[in-house]
Each structure stands twice: as structure tokens, then as C-alpha cells.
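Thanks for making the time this morning. I would like to walk you through one model, strand by strand, and then finish with a few backbone details.

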Amino acid sequence: MKNFLFILFLFPLFISCQTEKNVVSKYAAHVGDITFDEKLDNPGFKKCLDKEFGIQYYNDSQGFQYKGEKISIEESLKSAKIQGDEKSNGYITIRFLVNCRGETGLFRVQQMNLNYEKNLVDKDLETKLLDFTKSLKGWIPKNLEGIKVDYYQYLTFKIENGKVSEILP
């Protein structure tokens, strides 16, 4: 009887030690990583490093890396004359990956109202700003210890009365 109870108590221990092989996680390797989505992303866009490696914008001291800096983007936006519904107010953030060749891909969009609550500001304006962001070709590859790396970047457009009043960061 003692042996039976001993085995009965050890049995759950042996079962819990079993691990599954070839388990694929549905979660990204790092918080904030963007995974490829065949419905949204250009299959021609390629990361340069390991598919699960990308520098986050907050992990880098080089700052904003664009030819002509942010002012160049602001001037391009001004000449594009993009605007939406006059009733639109809030933020449209476009986050994407810049690879080691300065090419962009894996674009994701989020809209928020002026209280930073998830909200649809203006779908048409979102499309125009996404197309504008995709057209930017001055992204500078970043170096990490002498190696060009992929990195995440974002642009947040502050919308007031249907017009972009500011680009963040």
C-alpha cells in the first residue's frame, strides 16, 4: 500500500516534466515585434538579420535617422497637401520596420482620439498618411557595433480639424 501511494504521488511529477517538441509560439520573440502578415505586408520586403531581431526605437541612442531629418518629412507632407474630414481630431500612428538597406515594410496603423483612447479618427486620412509614409525613401540604416541592423520606427501624426498639425517624435 505504501508503494502504491508513493507511486500515486510521483506520477503527476513525471507527467508535468514532459515537454512538447516543436511548439511554435503565437507570440513574438520581443514585445512590439511585428510579424509578417500576408494580407497586409509586401512579400518582397526582407529583413536583413534573424527574423526575430529588430532594434526598437527606444533601445537606440542614434535617434531619428532620416536624410534631412524630420524637417524633410514635414516639408514633404506640406507639399503633398494631405488632409481629411474637418471634424477629424486625434492621432494616427504608423509603425514600421526599416531594414539594413534603408527599405521599409511591415507597416501597422493605430488611431487614437485626443485623449489617447483607441478610436477611428478618419479612415480616408489614414490611407493617405500610410501611402505618404510608405513613399518616404530617406531612411538611414542604423549600426550596432559596426553592423547594419533592422530597426523599428514610427511616425505619429497629430490631426486637428482634418489637418496634420504636428509629426511626432
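**Strands and turns**

Let me begin at a turn: in the hairpin of β1 and β2, where five residues sit between the strands, Gly102 takes a positive phi near 85 degrees. Before going further, please keep in mind that this is a predicted model, in which local features need pLDDT of at least 70 and side-chain atom pairs count only at pLDDT 80 or more, while totals for chains, interfaces and linings use all residues. Residues are numbered from 1 along each chain as its sequence is written, and side-chain values use heavy atoms, with hydrogens and water left out.

When I say helix or strand, I mean DSSP runs numbered from the N terminus, with H or I over at least four residues for helices and E over at least two for strands.

How much of β1 is buried, then? Nine of its nine residues are buried, where buried means under 20% relative accessible area, exposed means over 50%, and partly exposed lies in between, using a 1.4 Å probe and protein chains only. In a regular strand the side chains alternate between the two faces of the sheet. In β1 both faces are covered, with Gly90, Ile92, Ile94, Phe96 and Val98 buried on one side and Tyr91, Thr93, Arg95 and Leu97 buried on the other.

Strand β5 (residues 151-160) has nine of its 10 residues buried, so β5 is largely enclosed by the rest of the structure. Five bridges join β5 to strand β6 (residues 163-168), again running antiparallel, and Ile159 has Val164 as its bridge partner in β6. β5 and β6 form a hairpin with two residues between them, and Asn161, in the turn, has a positive phi of about 55 degrees although it is not a glycine.

Two further backbone details remain. Glu69, in helix α2 (residues 69-80), has a positive phi of about 60 degrees and is not a glycine either; at 54% relative accessibility, Glu69 counts as exposed. Finally, a cis peptide bond with omega of about 5 degrees joins Leu168 and Pro169, and Pro169 lies in the segment after β6.

Terms used
Two strands pair if DSSP finds at least two bridges between them.
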